[in-house]
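These are my notebook entries on a single structure.

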Amino acid sequence: MTSHPFDLQGKVALVTGGNVGLGQGIAVALAQAGADIVSVARRPSEETGEQVRALGRRFLSIEADLGTLEPIPQLLARTLEEMGGLHVLVNNAGIIRRADAVDFSEEDWDAVMNVNLKGTFFLTQAVGKHFIAQGGGKVINIASMLSFQGGIRVPSYTASKSGIAGLTRLLANEWAAKGVCVNAIAPGYMETDNTTQLRADADRNRSILERIPAARWGKPSDLGGAAVFLASAASDYVHGAILPVDGGWLAR
Ligand code: NAP
């Protein structure tokens, strides 16, 4: 037990998609709280590595495609070997494809479901076995407003993020008594590559902004506090929660 309930010193956190966007914001926040970081993405994570190392924390970048299950055993083995342990998993990697439901292709369905839902489940299964064997761990899934709402023109994304909400609850039910906390953060509308198209559409941009009580798009750093809370001992009795960090969007 660390002296401060939010202290992550001595912990290793693996963040999928930790190279850019929300994953980068979460990785840096966890490092600020004391954690060493592993980032897994298809592209390198150099920028995040520089920020994490500048905070005095250790950093490992693993390049892998989480749209397939094949890299999972190796990335877990490398993490345990090179970092000496694993205590926090942040399932952040995710993609979105936009088209009207009547035109939506099987390719756009499978691509999104494979990364956002199938890859997330099987990585969590592998890491979960390790957490259960060591008597505890923290899983943080990145959900969405579309874990609660229907959205428009993003059928596979909505299905995947609604699925993430269900999986978060199922895994919490199975693993809570084994010392593993499974929870999710549901970001609102955030300024990242994922929302470039939305923000470029003047009408959609205006209507989204008008509905956000905080009157601004969120930034990756806005997720830091929630991530540190759910990664730390402060949340040891929190299981199956889906915590919105949305500028008040769901309160409207
Ligand atoms: P982003 O900037 O597009 O980042 C997506 C991340 O996922 C990148 O790090 C990307 O790295 C990684 N990734 C994608 N496909 C991958 C694959 N096959 N294998 C490994 N890594 C992969 O988007 P973001 O907004 O930060 O999104 C992060 C998460 O937040 C996603 O789950 C997204 O659905 C969720 N979210 C975003 C918003 C928002 O408003 N932005 C709102 C709610 C939820 P590589 O491309 O290098 O692989």
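**Entry 1: a loop glycine**

I began with Gly94, which touches Val115 and Asn116 when residues up to four places away in sequence are not counted. I note that the model is predicted. I placed Gly94 in the loop between strand S4 (88-91) and H4. I then looked up the separation of the C-alpha atoms of Gly94 and Thr120, which is 9.1 Å, with the two residues 26 apart along the chain. Is Gly94 buried, partly exposed or exposed? Its relative accessible area is 39%, and I therefore record Gly94 as partly exposed, between the limits of 20% and 50%.

I turned to helix H2, residues 46-54, and listed its buried residues as Thr48, Gly49 and Val52. They lie on the same side of H2, because the arc they cover around the axis is only 100°. On the other side of H2, I found Glu46, Glu50 and Ala54 exposed. What covers the buried residues of H2? I noted helix H1 (21-32), strand S2 (36-41) and strand S3 (59-63) among the covering elements. I also looked just past the end of H2, where Gly56 takes a positive phi of about 85°.

**Entry 2: H3 against H4**

I examined helix H3 (residues 72-83) and helix H4 (residues 106-134), whose axes come within 10 Å and cross at roughly 40°. H3 is therefore oblique to H4. I recorded the crossing of H3 and H4 as right-handed. From H3, the contact is made by Ile72, Leu75, Leu76 and Leu80, and from H4 by Gly119, Phe122, Leu123, Ala126, Val127 and His130.

**Entry 3: H1 against H8**

I next looked up H1 and helix H8 (residues 224-231), which pack at an angle of about 55° with their axes 9 Å apart. H1 is therefore oblique to H8. What is the hand of the crossing of H1 and H8? I recorded this crossing as right-handed. Which residues make the contact? H1 contributes Ile26, Ala29 and Leu30, and H8 contributes Gly224, Ala227, Val228 and Ala231.

Methods
Residues are numbered from 1 along each chain as its sequence is written. This is a predicted model: local features need pLDDT of at least 70, side-chain atom pairs count only at pLDDT 80 or more; totals for chains, interfaces and linings use all residues. Side-chain values use heavy atoms; hydrogens and water are left out. Buried means under 20% relative accessible area, exposed over 50%, partly exposed in between (1.4 Å probe, protein chains only). Helices (H or I, at least four residues) and strands (E, at least two) are DSSP runs, numbered from the N terminus. The arc is that of the directions from the helix axis to the C-beta atoms. Contact means heavy atoms within 4.5 Å. Axes are lines fitted to C-alpha atoms, for helices over the stretch in contact, and angles run from 0 to 180 degrees between N-to-C directions. Angles under 35 degrees count as roughly parallel, over 145 as roughly antiparallel, 65 to 115 as roughly perpendicular and the rest as oblique. A crossing is left-handed if the near helix is turned anticlockwise from the far one by less than a right angle, and right-handed if clockwise.
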